[in-house]
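I opened this model to look up its pockets and one of its sheets. My notes follow.

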Amino acid sequence: MAVGCGRHSAAIYDRDGALVATADELVEVEWTRVLDDVSSARIVVRPDGDCCAAFARVRSWRHRLVIWRDGRLVWEGPVLLPMWSTDGVEVHAVDILAWLDRRVPHRDQTFIQKDLTDIAAWLIQDGFEPDDPGHSVDILAPSRVWGDREYLRDVGQTGEHLRDLADTGLDFTAVGSRIVLMPEDHCARVGALTDADFPDGLTVAEDGGALATRWVVHGHDDVKGEAGGPDPYYGLLERSIEETSILDHASAAAAARSRHGGTVPAPVFIDSQNATLASDAAVDVPSLVPGWCVDVTTTATCRTITQALKIIGVKVVENGERESVGVQLAPGGVS
């Protein structure tokens with residue numbers, strides 16, 4: 001299914017499900033998807049009459065923005081910043097994961113040799129349990145990384161705890177009200193791209209700043225794990241970090257291996273976020289979900305790549321006249 005030229009619609013809903021406002025005069029819409037973090041969206045509306053009165057009632061966190069592309073839901077989340085001006089209304093919103101940055105653990109919990117996906121699922125359930133805005137969790141597969149973790153009531157933000165797990169072998173993303181958990185090596189294909197699919201060109205970059213041939217992860221107290229060492233090609237580049245939520249040596253070693261696997265060799269990225277996918281690119285835009293992969297072949301730059309690359313970011317913008325679809329891609333394996 002080709003990218004085409006999508007048309008968006010949007011609406012604002014109350015936390016009880018009631019419709020607050022429909023963006024009938026939608027001037028501009030922008031929505032993103034990101035891996036292991038909170039995504040954002042924005043709409044600009046030129047309302048008049050009853051529509052203007054409806055948008056005057058929009059409030060942050062009480063209401064949520066919902067966006068459709070060609071009738072298919074592509075994004076939703078709580079309103080963070082409504083702005084009213086003489087020219088119209090601009091609404092900024094964040095996805096469902098943002099609530100977890102405003103939640104803390106609600107009880108003490110200790111995990112002994114549990115898969116990271118099970119721990120993440122508990123964090124999400126506990127975070128939303130006292131006041132659920134409406135969510136679901138979809139575990140695509142176990143992470144196959146086991147570890148010990150301890151969480152204390154009212155200590156730390158739940159969203160930060162979830163991101164800490166993503167540093168040690170787990171990936172997550174939000175699609176509407178659904179939170180998807182997957183192993184770090186998940187790479188199901190959703191399409192294939194070539195240079196012809198990037199008419200505005202693209203940039204291939206090697207991130208030497210991320211390269212490390214040896215990782216040391218320090219957990220709670222004297223817990224420590226390490227992976228790697230001097231590399232015959234790069235030499236020795238070492239990184240040492242603290243992950244105080246890690247309680248055992250095996251988990252610290254798994255975290256070190258996870259980081260080492262993503263930084264040797266130097267990661268090669270394709271960044272097309274400021275370019276536009278061709279209208280006949282053979283990918284379905286709603287299926288461009290971070291954590292999934294596209295097969296990419298590019299020979300247009302001096303650095304050629306033929307490999308599966310993981311989607312780590314999506315940015316879609318429509319201004320009523322033109323739609324641009326950008327995809328940020330990172331190694332699922334590096335060439």
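**Pockets, then a sheet**

I began with the second largest pocket, which has a volume of about 210 Å³. This is a predicted model: local features need pLDDT of at least 70, side-chain atom pairs count only at pLDDT 80 or more, and totals for chains, interfaces and linings use all residues. Residues are numbered from 1 along each chain as its sequence is written, and side-chain values use heavy atoms, without hydrogens and water.

I checked the terms. A pocket is an open set of points on a 1 Å grid over the protein atoms alone, where a 1.4 Å probe fits, with protein on both sides within 12 Å along at least five of seven lines; lining residues have an atom within 4 Å of a point. Volume is the space filled by probe spheres set on the points, which are joined across faces, edges and corners.

Which residues line the second largest pocket? I listed E150, Y151, L152, V155, H161, D164, H220, E243, T244 and S245. β10 (146-151) and α3 (158-166) each supply at least two of the lining residues. Helices (H or I, at least four residues) and strands (E, at least two) are DSSP runs, numbered from the N terminus.

Next I took the largest pocket, with a volume of about 1100 Å³. Of its 35 lining residues, the closest to the centre are E184, S258, G261, G262 and P331. α4 gives the largest share of this lining, five residues.

Last, I traced an open sheet of three strands, ordered β9-β12-β11, with mixed pairing. Strands pair if DSSP finds at least two bridges between them. β9 (136-139) and β11 (170-175) are at the edges, each with a single partner strand, so one side of each has no neighbour in the sheet. β11 and β12 (residues 178-183) run antiparallel, joined by six bridges. I found A174 bridged to I179 in β12.
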